[in-house]
Amino acid sequence: EKPFFLTSMGGPGRNSKKLKYGYTHLSAGELLRDERKNPDSQYGELIEKYIKEGKIVPVEITISLLKREMDQTMAASAQKNKFLIDGFPRNQDNLQGWNKTMDGKADVSFVLFFDCNNEICIERCLERGKSSGRSDDNRESLEKRIQTYLQSTKPIIDLYEEMGKVKKIDASKSVDEVSVPSLIFDKGRR
């Protein structure tokens, strides 16, 4: 059976970490940060440059990392074919690259849109930055990331909304208060 996934999108600091509901959680950002730290990676320095500048990493790199993780997960267990892809696609190039690479190989069930005020997102990331060690958890990078989100990612969310695939979640509350009704996941696979 081909993999089936949903994606979680919104601005930085939107509180999507706690989601599972039987899905394998793949964070595009975490995969990129891990690859950046890998001394054998051919992409490490390039990824670091993009992340520091608050820009979107080239689609080929992100898709190759996501596909590798999906393939490894499904090779380990055929039943693990449901994925929650966190933070992808981030722009039109990501979406086109995903559609080109995964067309007919994976079905998009829906998009969870974590809606949150930009200033709340920035404050969360600055707080996280006190202990995360992330090079992009500073006000300058975050403001660039917010602009990138507004210019590049929000139009993708709007596109999925036009297709009737967006489930909106109020992410302005604390991590413990943000809830995603399990009903959303139960109805995910049509």
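**Questions on cysteines and helices**

Visitor: Why is Cys 121 called buried?

Guide: The relative accessible area of Cys 121 is 1%. Buried means under 20%, exposed over 50%, and partly exposed in between (1.4 Å probe, protein chains only). Cys 121 is therefore buried. The model is predicted, so local features need pLDDT of at least 70 and side-chain atom pairs pLDDT 80 or more, while totals for chains, interfaces and linings use all residues. Residues are numbered from 1 along each chain as its sequence is written, and side-chain values use heavy atoms, without hydrogens or water.

Visitor: What makes Cys 116 count as buried or exposed?

Guide: Cys 116 has a relative accessible area of 13%, and therefore counts as buried. Of the 190 residues of the protein chain, 47% are buried.

Visitor: How many disulfides does the whole structure hold?

Guide: A search of the whole structure finds 0 disulfides, a disulfide being a pair of cysteine sulfur atoms within 2.5 Å. Cys 116 is in no disulfide, and the nearest cysteine sulfur, that of Cys 121, is 3.8 Å away.

Visitor: How do you know whether Glu 45 is buried or exposed?

Guide: Glu 45 has 75% relative accessibility, and therefore counts as exposed. Glu 45 belongs to helix α2, residues 44-52. Helices here are DSSP runs of H or I with at least four residues, and strands are runs of E with at least two, numbered from the N terminus. The protein chain has 7 helices and 5 strands.

Visitor: What makes helices α1 and α3 roughly perpendicular to each other?

Guide: The axes of α1 (residues 28-37) and α3 (residues 59-76) come within 10 Å and cross at roughly 100 degrees. Axes are lines fitted to C-alpha atoms, for helices over the stretch in contact, with angles from 0 to 180 degrees between N-to-C directions. Angles under 35 degrees count as roughly parallel, over 145 as roughly antiparallel, 65 to 115 as roughly perpendicular, and the rest as oblique. The pair α1 and α3 is therefore roughly perpendicular.

Visitor: Which residues make the contact of α1 with α3?

Guide: Contact means heavy atoms within 4.5 Å. Helix α1 contributes Ala 28, Leu 31, Leu 32 and Glu 35, and α3 contributes Ile 61, Thr 62, Leu 65, Leu 66, Arg 68 and Glu 69.
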